[in-house]
Structures are given as C-alpha cells and as structure tokens.
Amino acid sequence: MPIDKVVIDTNNIISLVLKGDLAFLVRLSYIYDCELYTCAEQLEEIKRVLEYDKIKKNISGSTRDILKFIEINAIEIEIDKRVDRVKDNNDNFLFDLAYSCKSYFLVSGDREVLALKQVNKIRVISMIEFKKLLINKKTERDKSK
C-alpha cells in the first residue's frame with residue numbers, strides 16, 4: 001500500500017497543536033512525500049475543539065492562524081458521505097474523506113476507530129505506527145538513490 005495520501009483524525013491534529021509540532025504537517029509533504037487531506041467537516045471540528053477553554057489556554061497562536069496553517073498544508077476536498085461504520089457518527093466523515101481522496105491510511109487516536117483496524121482498503125493506524133511507516137518509506141527511498 002502506498003503511503004502517499006493520508007487522513008489524520010482531528011484528535012491527532014489537536015495533539016500536534018498542543019505539542020507545538022504542527023511542523024509535522026510540513027514534513028509530511030517535503031520529507032516523506034505524503035499528502036494530507038482534509039474536508040470542511042474536519043476543519044469545522046478542529047475550529048470547534050480549538051475553542052474549548054482547556055485547549056485554548058494550552059496553545060500558542062490563534063485559532064485562525066492554526067486553521068490557516070492546516071489549510072495551507074493540507075488538501076481540502078469535498079467528501080461523498082456514505083460510510084456508517086463508527087458508533088460515534090461524528091467520526092464517519094473521516095472514512096468518507098479517506099475514500100474520497102483514495103487514501104489507504106486513516107491515522108487516529110480514538111480507540112473505537114482504531115479497533116476497526118481496517119475498513120475495506122483503508123488501514124486504521126495510530127500516529128506511532130504511521131510515523132514508523134513514514135520512516136521506513138524514507139529509508140527505502142534513500143537506499144534506492
């Protein structure tokens with residue numbers, strides 16, 4: 001499965017924000033040759049979560065600036081809503097997004113989503129697993145040069 005397109009769950013993106021590591025989104029493209037995809041539904045969810053008091057007080061930068069950074073470093077597409085796999089309907093759009101951009105990977109930190117492991121051709125993996133795959137991809141690419 002090629003690791004050239006990815007969907008990252010909102011909880012992982014918020015985690016990157018809180019850790020001050022949004023630069024990971026830049027590295028995805030420039031170092032690992034992998035495109036991040038998002039959609040209006042996810043951008044709205046990110047905006048809403050960034051406004052939670054417990055999140056807002058722990059981030060540097062404004063919600064607007066963070067969203068702009070994400071929009072610059074992700075490809076926003078419209079999704080075809082058709083998946084109904086997760087008990088929490090708010091997470092189904094992630095699978096719709098992965099289908100719409102033809103990604104083989106959905107990176108999540110949500111136990112319920114991770115428990116699915118695979119939905120058709122979409123592998124559901126943790127951020128740790130995803131980073132390992134990226135490192136392996138880069139190592140293999142560097143060896144072939």
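Contact here means heavy atoms within 4.5 Å.

The model is predicted, so to speak of local features a pLDDT of at least 70 is needed, side-chain atom pairs count only at pLDDT 80 or more, and totals for chains, interfaces and linings use all residues. Residues are numbered from 1 along each chain as its sequence is written, and side-chain values use heavy atoms, with hydrogens and water left out.

Start with the overall layout. The protein has 8 helices and 6 strands. Both are DSSP runs, numbered from the N terminus: helices are H or I with at least four residues, strands are E with at least two. Along the sequence the pattern reads β-α-α-β-α-α-α-β-α-β-α-β-β-α. The radius of gyration is 15 Å, close to the 15 Å from the globule rule for 145 residues, so the protein is as compact as a globular protein of that length. That radius is taken over C-alpha atoms, and the rule is 2.2 Å times the number of residues to the power 0.38. Along the principal axes, the C-alpha atoms fill a box of roughly 45 × 35 × 25 Å.

Now the sheet. Its 6 strands form an open sheet of mixed pairing, in the order E3-E2-E1-E4-E6-E5. Two strands pair if DSSP finds at least two bridges between them. Strands E3 (75-76) and E5 (118-119) are the edges, each pairing on one side only. Strands of a sheet pair through backbone hydrogen bonds, either parallel or antiparallel. Strand E1 (residues 5-8) and strand E4 (residues 105-107) take the parallel sense, over 2 bridges. Val7 has Leu106 in E4 as its bridge partner.

Helices pack on this sheet. Helix H3 (residues 40-50) touches E1, strand E2 (35-38) and E3, and its direction makes about 85° with that of E2. Helix H8 (residues 127-143) lies across E1, E4 and strand E6 (122-125), at about 115° to E6. Such angles run from 0 to 180 degrees between N-to-C directions, with axes as lines fitted to C-alpha atoms, for helices over the stretch in contact.

Next, the interior. Of the 145 residues, 43% count as buried. Buried means under 20% relative accessible area, exposed over 50%, and partly exposed in between (1.4 Å probe, protein chains only). A nonpolar core is a set of buried Ala, Val, Leu, Ile, Met, Phe, Trp, Tyr and Cys residues joined through side-chain atoms within 4.5 Å. The largest such core has 30 residues; Val6, Ile8, Phe24, Leu25, Leu28 and Phe130 touch the most other members. Elements giving two or more residues to this core include E1, helix H1 (10-19), helix H2 (23-30) and H8. Setting aside neighbours within four places in sequence, Leu28 contacts Val6, Ile8, Asp33, Cys34, Leu36, Phe130 and Leu134. Another core, of 15 residues, lies apart from the largest one, with Val7, Ile79, Phe95 and Leu97 among its members.

Helix H6 (residues 92-101) deserves a look. Of its 10 residues, 8 are buried, so H6 is largely enclosed by the rest of the structure. Among the buried ones are Phe93, Leu94, Asp96 and Cys101.

Finally, two loop residues. Asp33 sits in the loop between H2 and E2. Its phi is positive, about 55°, although Asp33 is not a glycine. Asp33 counts as exposed, at 53% relative accessibility. Lys102 follows H6, in the loop between H6 and E4. Lys102 is not a glycine either, yet has a positive phi of about 65°. Lys102 is exposed, with a relative accessible area of 61%.
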